[in-house]
Structures are given as structure tokens and as C-alpha cells.
Amino acid sequence: MRKTLGENGLTRKYWLMYAAVFFLTFCGVYWTVFASHKTLLVSGDCRVQSYRAMLYYSRWLKTIFGNFFVKHVFEIPTYTFGLGYGADIVTTLHLQAVGDPFTFFSVFVPDKWIQTFYSICLTARFFTAGITFSLYCFYTGKRRTSSVLTGAVMYVFSAFTLGEDSAHPWFTLALVFFPLMLTGCELIFRERKHWLFILSTGLMGLSNFYYFYVVVLLTVLYVLGRLFTGGERSWKERTGTVLLFLRDGVCGSMIAAPIMLPLLLHSMADSRFTEAYFYYPVYPKGYYAALPGAFLTLQDPGKWTYVGTSFMAVLAVITCVYAGKKYRIGRIAVLTVSVMLLFPIFGRIFNALTYVCNRWSFGIVFLVSFLATELWEEFLEPKGKRLLYCTLTVSAYAVLLFFLNREAEDWIKRSLISQMVLFGAALCALALWKRVSLKTERRTRSVSVLLLLMTILSISSNAFFYYAPSQKGYVKHLTDRDEDLYLLTMESDVAKTKEAGEDEDFYRVSGQALKRENYGLVPGVSSTQFYWSLTNPNILQYFAEVGNSIDASHIFTSLGNSTILNALASVKYTLPGGEPEGLPFGSKKTDEDGKLYSTEETLPFGYTYSEVLPCSEFEALSTTERREALMEAAVLKDEIIDGTTLREFSCSSPAFDEQEIPFEVECGEGVSFDGKVFQVEKKGGKAFFSFSGRDDSETYFSVEQMNYTPFSTGNVLYDALHASGVGVIDMRVRFFKDEEEVSESELYTSSPIAKYKTGIRDAAISSGFFHDPPDKAELRFPQTGQYSFGDIRFAAQPMEQFVRESGKRRESVLEEVELHDDNLSYATNHITGKIRLDEPKVLLLSVPFENGWKAFVDGGEAQLLQANTMFMALALPAGEHDIILRYHTPGFFAGRLTGVAGTVIFIIILLIETGVFTKHDEKTRRDENE
């Protein structure tokens, strides 16, 4: 392979030229960003997920290295309470950091430099993607340096990397490994060597589980295309080749098993993969109108369809269509991806059969970039008739773009015009250059340089219209150069609670001010806020049962203003989202500016129950009754209660002291109500509820069997073409007292086409605790359509019974709680504590239930119970007990063993293919002959 690459031009000279061209293009693309005193770090997901994950990953790796080199123990703690209520580090942070070979080097970077390293890391991914693209091109026989350079910059600086996907820098890992895997495929087809395919498969699996799936699907299509279009092969040969690829893929997956196996086990239960998703058979008409222009600009027609590179991409496709039989495979590939772009089913397949998403579009970018490289000779020596056809097609394409984009945003129109001007200039240059009286070699070299420079100009032009403040202005979403994200993270309101809770054994922070910032991760503060890709499904089930309204299964912030829910989750501190906002019972200011409130009414890390309640009886209650029941008894599965260890516990008959409140409904403009369904004809329509609240209570607005249905014509195709793309429906609930607003909360439902599902159809919105209660509520409908409710009720929740039951839960608690985390990453793999009981009780532990935990009571292993749906519990006899909880990521140990086995197999294959054993046999025979 090395010899082949050297003969084809992949030499030191090329690398120097590539570095120069990359630097030139990079400056052309990002000069607007740097001139605006911005960095490459995007606000939103990039800041709250990727940056914080990298910062934490750096600390976590330092903890592991410290254990090994300082403490001389090979210990990998994989659990932290800084991830929401507590979560596994490997499975939660994998998509943003864990396993990424580039991010791994953050272990050598100080915390304050992570922000700079982040941009360096992103640039390094871009640069490496160009290298792997070049590797594929040269190995497949592309000898002209300028053509490969052009294809490389098209591939690296496409809409996929420069568009909205820049908010997710780990997406670019697919660009690095996809060409490497295809080169491995070619190495198998051409030389019957398998090491590169196995290695690249393993690295892709370790780096990013999601894109591993996408890349594998694209690679399967590539292999099938090569088998059935790349020459005559018998079915026996094809079958044998498929089996070889399958063997190599399994070996590569084994290498990646330390990461992939835990993720696979976790994903199988995650709600994002188990939820049913609805999708229309076609996209909205706006998608089809924007798609032709999306190949030229950085716009997204919808569903993350980023396919734009430069005018060279369209020129390559058009040239391929009019080229001879030599490019038949290219035409088939173009036709295939075109069909795949037209129908949502393919976006769903590539997104693991969940919601429709075209993040596989980097494969299209690779295809058109490679076509530009493949057809380079056709550009240099265009035939007259073919050049005429191309010119006519481009003219028709320009007219089509004009009609389709008449109502497009101004920056899109300007970007399209600039691309078409460059397009025309390129065609004119190709036509005129044929008449220049220069030697063929000199003429082709000049044309090559011209096309390369025009491509760089085309890419830079796209970036300008996308980033520039005077155009789309995406630069405003980038982080200011002087903004210190590390300082912001360590001095956030969440981090500051560590000072207030310095003497606390364990506590959580909640409140609507948490939003989606993931501030608790780095300082190790447990909170009710979580925003990552995969989460514990037991938490979502708990929210559904107690009516805690959230907008997505992997995104949750607070427990509302509910006193009971906050207490059950050991929430000690509350950060309100502003004024006005209700607060849980017992909340008191702990700082002068009123940003932080605390309460003594919460429950500790481990509290106890004397009674249990079967799940079957619990599920028969309303959402508000369930909240009260959880304060009185530990809810356990029926079969667990029937077990021998719990027969001695009495089953509770919960007493409820909530008081139902009569109310009257009045509809605003554009809204009507028939007792069950609100017909909303106007966006932002409102319904008003009048009632007489109860003093010294929380007021609940409770709904059951909530559902939203957009207005439909009954024609599925028409509805699909005119779909608004509405997903999550945020119905705001506002409480008033004497016409003055006293609190506001979100009430979420979703449309049939929503990509994020929660399954929560029953909800109870709390106003917070008030001595002088609200007397009016407002429900706002953000979209037109039908909002149906099986039941709507208002209830007052006095606090006397809560105080009484809360005191009972604290009679016997887990003491001397030690999380055994450090002061760097706050990661742990075991928790200890002691408890003394006068009678048998159920000890509830404020830890989300997961299969990776094991419990040991007085030295012997004990059964961990799933209690109250979300938490863990132990059934303990009377007496003094030492409690130890140990955590191991499910599948992590088996994954490491599998990874070692896969690595051994890979090394054996590598040694065989490099001829080590053959050389040894030859040397032995020579020695024997001598």
C-alpha cells in the first residue's frame, strides 16, 4: 500500500502543499469569525455539552492516571453525581468526549486552556479529514495533486462542518474515519489485505457509537456497489468477499467493545430508541424547494440535510451525467443518493429507526468531492459538445434556483448568486483556456491551479454569507474571544452552592434557572438538570408517573415547584428562574441577592420507610395522589413485595389531604372548549381558569390524557407537503393573584411528528407554596390545532401531612455517608454509610436505579430493589448496619475482555499480512540449508 501511495503522489511534497492549501482555505472561511473577535466554539450544545464534556473528560482522565501512577491501583471510577441525578460517565459522555482520539489529549491540558484546546482539536479534526480523503484518492489512482487538493478542501469545508453541525464538533469524526474505512475496503478488494479496514472500524467504534452506525451503513452500500458494478464476479466470489468483510467488521467491533458494549446495553433501554416515531412519506414542500440550492450554499433544507460544498460539486455531478461509460458507477451513485434524499424513510433508517434526520449527508459530501477529483481530466480537456450540454444544464439550473428561492432569505439569494457567478466564470475559463496556445502540460497545470483557487473562493464566499453579521450573521452564535468559559463554569450559581452546602453530606440543586447548562458536571454538584444524549429510562418513567412535565426524554431541568418531588429527590437548594416564580414549601433565602434558596424540609441521601405500596395500587392513583403516596410508603413491584424478605412490612393505605378546587373556564380569542377539547384557531390563543384557592397550600393544575393533533385535511400527502415541522408544544401555565402574576411553568406535549418524545400525557403543574394562594390561571396554546384532555382539575395541597411524613422519613437515616469521590472529577465507584434501625425498614437511597450497582450489607451482598420507580432501596432488619454500594458500568468488563481478544486477532492478521511468519519460515529454511 505504501508503495502504491508513493507512486501515485502521496509524498512529502503533497503534504506540504496540502498544509498550505488547508491554511489558505481555513483563513478564507473563518476570517469573518476572527475579525469579529469570536472563537470556533458555538453557543448552545457546543458550550453546554461538548465543551463541558471535554473539560470534565480531561479531569476524569487525570483521575485515572493519578490512580495508576500515584496510588498504583488500576481503578476507573465510572459514576458521578454531577450528571443530573447521577449517571454513568462512559455511556453518558461518550458522544461528546469519551473515546474520541483527539479529545484524549486533553489529559495533558490544564483546565483553563481547554477552551483554546477545543478550537485546536476541532481544527485538527478538519485537517485529518483532508488527510484521510487524500489517502483514499491517491490509493484509488488519482495522480493529479491539484485535483486531490480541490476535493479535499471541498470535503473538509462543506456545509456539514461549517453549518449548524459546527455546534456538534464530534460530528466531524465521521469525516475522518469514513475515507479511512473506504480505503480499507479498497485494500481488501485490490490486495486482499484486511488490517486497515479492521483498524479503522475499531477506531470509529471507539470514537463515536452513533456515527459508527451511520458509517457502517454507508460502507455496506459502498461494498455492495463495488461488488455488483466493479467488474464480473461470480456469486461465489461475491459471497466470499461479503463473508470476509463481515469477519473483519466483527473483529473491528471487538476492538471497540470496551465502549460499544456498554453503550449498546444502555441504548437498548433508552427511550429515544424504544419510543415509536411517526413520519410522513414525503418531506414538506419547503424542503424540496430548498434542496437544489443546498448543494451550492450552507443552508439546511431541513432535517440536518447539509450537502453544500461549492460550485465544483454541481459541476462534477453535471459532468458525470454527460460523461461516457467510464463514469457509469458515478452516475449510479449520484442517482442512489438523490433518491435517498427525496424520501424521509432513508433519514429514519440512518438515524437508527428513530426520528427522521439526514446526518448521513457527509456521505454525499464525500461523493461529490470525490467526483470532482475523479472527473478532473474532463474539466481540463472538455469536449465541445459536452461543454455545451453542461452550459445549458447550468443555465436551466440557475433558472430553477431563481424560481425556487424567490422567497428565500436574502443571505441565501446572495450566496446563490455568488456561486452561479463563479460557476459561469469557471465554464468560461474552461472554454477559453482550450484556445490558449500553450503546451498541453502547462495549460492543464494552469487550469488546475485556477479551478483550485476558484474552489477556495467559492467555499470562502459561502462561509462569508453564512457567518458575516451583515448576512445570515451566524457569527453571533459563536463565543467571544474574551469570554472565559472555565470561569463561567466554576463560578456559576450551581457551582456556588458548594459553598452554601459545604457541611452537607449530600444535597441536590433544582430550580427553573438551571435551564440546559450542565453546570453541575465539572464542580460535581448533583442537580435535577440533565442535557445529554442518553439517559436513565427509569427517570423518565418516574416523571411520567408523578406528572413532571418535560420537553424531551433526554432533557430535564427541574421538578417544578413541587415540595414533595423536591424533598423525595433530596433537593436542598433551589435556583429560581426569575420573578415571579413560586417556590417549594419552607424555602428561605441563603444569599443577599436572592438567587439561592434553601429548605430544611428535604430528605437526606438515605431515608427510610416502615410501609410499602405495590406498584399496581400506586398506578391506580392520580398524579397528585401518587406524590402524596410516595411520602408515606416505598413503592415496590408487586412480585418483590410478595417475596420473603418483605412480607414483614405492612402495605400502606395512603391518606390524601389534597382538596379539589372548583373552577370556571373562559376562552380567549380564537379558542373554543367543549369540556374535553380546546379548538385553537389562532397561535398564542389562551384559556383562563378562575377558582378560589386554599390558604397555606400549593395549587396544582392537573391534566390527564393530554394530546395534541394539528388540523388535518385528511389527505396524508397534502398534510405532509404542508407540514409545519412543529415538534414539542410548550403550553405555558401562569398563575395569578388579584390579576398579578405570581408564577409561571411549562406544560409540554408534542405533535405527531415531534422528533423528541417523552410519552408523558398526565401532568401536575404546581404554583409553588403560597400563604395567600392564586385565584386564576392562564393556559397558552402556542400552535393552532386540537388540544384534548381526558380530565382537567385544580387541587390545593396543604403541607401538614407532608411535614408529618417528612419527619417520619428522617427518623432513621443513613449516616456518615461517603461518596468516595475526589476533588478533581468527583467520579466514584463506591459509596459507604451506616444506619441504626429499631425495627425492619426499607432504606431508600437517593441514587437512580441502574443495573451496574451492587449493595453489600454488613459484608454480605444484598438485593438492591427498584423503589419509587426511580431510586434504589434496601430491605433491612433491625440493628446497626454498614452499607456499601459498588458500581461497575454494565458491559465494561466484558467489553474490555472482548477488546483484548479483538486486538490479539488483529495483531495476528497484521503479522500474517506483513509477512512476518513467512519471513521467519524462509529464514529457518535458509539456516537449515546452510
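At what angle do helix α9 and helix α11 pack? The model is a predicted one, in which local features need pLDDT of at least 70 and side-chain atom pairs count only at pLDDT 80 or more, while totals for chains, interfaces and linings use all residues. Residues are numbered from 1 along each chain as its sequence is written, and side-chain values use heavy atoms, with hydrogens and water left out.

Back to the helices (DSSP runs of H or I, at least four residues, numbered from the N terminus, just as strands are runs of E, at least two). Helix α9 (residues 195–207) packs against helix α11 (residues 235–255) at about 40°, and their axes lie 7 Å apart. Here axes are lines fitted to C-alpha atoms, for helices over the stretch in contact, and angles run from 0 to 180 degrees between N-to-C directions. That angle makes α9 oblique to α11, since angles under 35 degrees count as roughly parallel, over 145 as roughly antiparallel, 65 to 115 as roughly perpendicular and the rest as oblique. The crossing of α9 past α11 is right-handed. Another pair is helix α5 (residues 114–139) with α8: their axes cross at roughly 20° and come within 8 Å. So α5 counts as roughly parallel to α8, and this crossing is left-handed (the near helix is turned anticlockwise from the far one by less than a right angle; clockwise would be right-handed).

Helix α8 (173–191) turns up again at the second largest pocket, where α8, α10 (209–229), α16 (328–342) and α18 (362–374) each give two or more residues to the lining. A pocket is an open set of points on a 1 Å grid over the protein atoms alone, where a 1.4 Å probe fits, with protein on both sides within 12 Å along at least five of seven lines; lining residues have an atom within 4 Å of a point. The pocket has 34 lining residues, with Y222, I329, G330, A333 and L367 nearest its centre. By class, 19 are nonpolar, seven polar and eight charged.

Now for the sheets, where two strands pair if DSSP finds at least two bridges between them. An open sheet of five strands runs β28-β30-β36-β32-β33, with antiparallel pairing. Its edge strands, β28 (815–818) and β33 (860–862), each pair on one side only. From one strand to the next, the twist averages 25°. Within this sheet, β30 (residues 830–837) and β36 (residues 879–887) share eight bridges, and L837 sits opposite G879.

Four strands make up another open sheet, ordered β5-β8-β10-β9, and here the pairing is mixed. At its edges are β5 (508–510) and β9 (588–589). Strands β8 (residues 571–574) and β10 (residues 597–598) pair in the antiparallel sense over two bridges; T574 has Y597 as its bridge partner.

Technical notes. Nonpolar A, V, L, I, M, F, W, Y, C, P; charged D, E, K, R; others polar.
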